[in-house]
Amino acid sequence: MVALISVFLFSGCYLLTKEKLHFSSSDQDALFSKNYRPNIDNKIETDGYYLYNETDTSSGRRYCDFFVLYEDGTCATFDLKSQYWDQLGKTVKNFSSMIFYWNKYFNFYSGGIYKINGDTLIVDMFYDDNLKNVELVKRKYLIKNKTTLKQISAKYITCDSTYYRRANRTYRFVKSEPMPNYCGSRIKGKKWLWQNETDWKVYKNEEEIYRQNFYKKDIQ
C-alpha cells in the first residue's frame with residue numbers, strides 16, 4: 001500500500017526581506033487575546049487530534065490529514081517522524097515523542113486559530129513558505145458531535161489568487177497524550193494574530209520560557 005500524506009504548503013512567489021501577508025485583516029475570523037477561549041461550551045475535544053484517514057480501494061493509496069485544537073484557540077498541524085506514520089488513528093500515550101520538531105517548533109511553516117459559531121468550526125490556517133510570504137486557508141467544519149467533524153468548505157488566499165473548494169471529508173477524533181505544548185506553534189507568535197500588543201508580549205515571554213525548557217520536558 002502506498003501512503004500519500006496531505007501536506008498543505010504553498011510555493012513562494014518571490015523573495016522578500018519583509019514578511020508579506022497575502023490577505024487582509026478582514027479575512028481573519030479570529031485573533032488571539034489573553035482570555036480567548038473559543039471552546040467555552042465544550043463542543044470539541046482538545047486532548048488528541050482530528051483525523052481524516054481514507055484509502056483508495058482501486059489504487060491502495062492512503063490519504064491522511066490531521067490537526068489538533070487547543071483550548072486557547074490554537075489550531076496546529078504536525079510533522080510526524082517517519083517511523084510513526086502507521087500509528088495514526090491509534091490511541092497512544094507517547095504522542096509528543098512521535099513529532100518531528102523544527103528548531104523546537106512542531107509546525108515551523110503552518111499554524112492557526114479557530115473559533116466556533118453555533119455548530120460550525122471555523123479554522124484560519126496560515127502558511128509561511130519561509131521566504132516571508134504568508135498565505136491563508138479558511139476551512140469550515142460542521143460539528144456533528146464532539147468526536148466527528150465534517151469539512152464543508154475551504155477558501156484559499158494565496159500569493160497568486162483566491163479560490164474556493166468544497167470538501168466532503170469526515171474527521172474523527174483520536175485521543176492521544178501527552179499533546180505538545182501550544183507554544184510549539186511558530187505562527188502563533190506572529191504579532192498580526194493578536195488583538196493587542198500587550199497580550200502578544202505576554203505570550204512571547206511564555207513562548208521564550210517554553211523554548212528554554214524544551215529539552216528538559218517536551219521531548220522526553
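The request concerns one residue in particular. Where does asparagine 133 lie, and is asparagine 133 buried or exposed?

Modeller: The model is a predicted one, and the description below should be read accordingly. Asparagine 133 belongs to strand β10, which covers residues 133-145. With a relative accessible area of 1%, asparagine 133 counts as buried, because the cut-off for that class is under 20%. The side chain of asparagine 133 also has a polar partner: a contact of 2.8 Å links it to the side chain of histidine 22.

Tyrosine 156 sits in strand β11, which spans residues 148-157. Its relative accessible area is 6%, so tyrosine 156 is likewise classed as buried under the 20% limit. The C-alpha atom of tyrosine 156 is 8.8 Å from that of arginine 139, although 17 residues separate the two along the chain.

As for the setting, the protein chain contains 13 strands and 1 helix. Along the sequence, the pattern is β-β-β-β-β-β-β-β-β-β-β-β-β-α. The protein chain has 220 residues, of which 47% count as buried. Of the contacts between residues at least 6 apart in sequence, 61% join residues at least 24 apart. Finally, the accessible surface of the protein chain amounts to about 11,400 Å², and carbon and sulfur atoms account for 47% of that surface.

Notes: Residues are numbered from 1 along each chain as its sequence is written. This is a predicted model: local features need pLDDT of at least 70, side-chain atom pairs count only at pLDDT 80 or more; totals for chains, interfaces and linings use all residues. Side-chain values use heavy atoms; hydrogens and water are left out. Helices (H or I, at least four residues) and strands (E, at least two) are DSSP runs, numbered from the N terminus. Buried means under 20% relative accessible area, exposed over 50%, partly exposed in between (1.4 Å probe, protein chains only). Contact means heavy atoms within 4.5 Å. Accessible areas come from the Shrake-Rupley method with a 1.4 Å probe; for residues, only the protein chains shown count as cover. A polar contact is a pair of N or O atoms within 3.5 Å; within protein, one must be able to donate a hydrogen and the other to accept it, and residues adjacent in sequence count only if both atoms are side-chain atoms.
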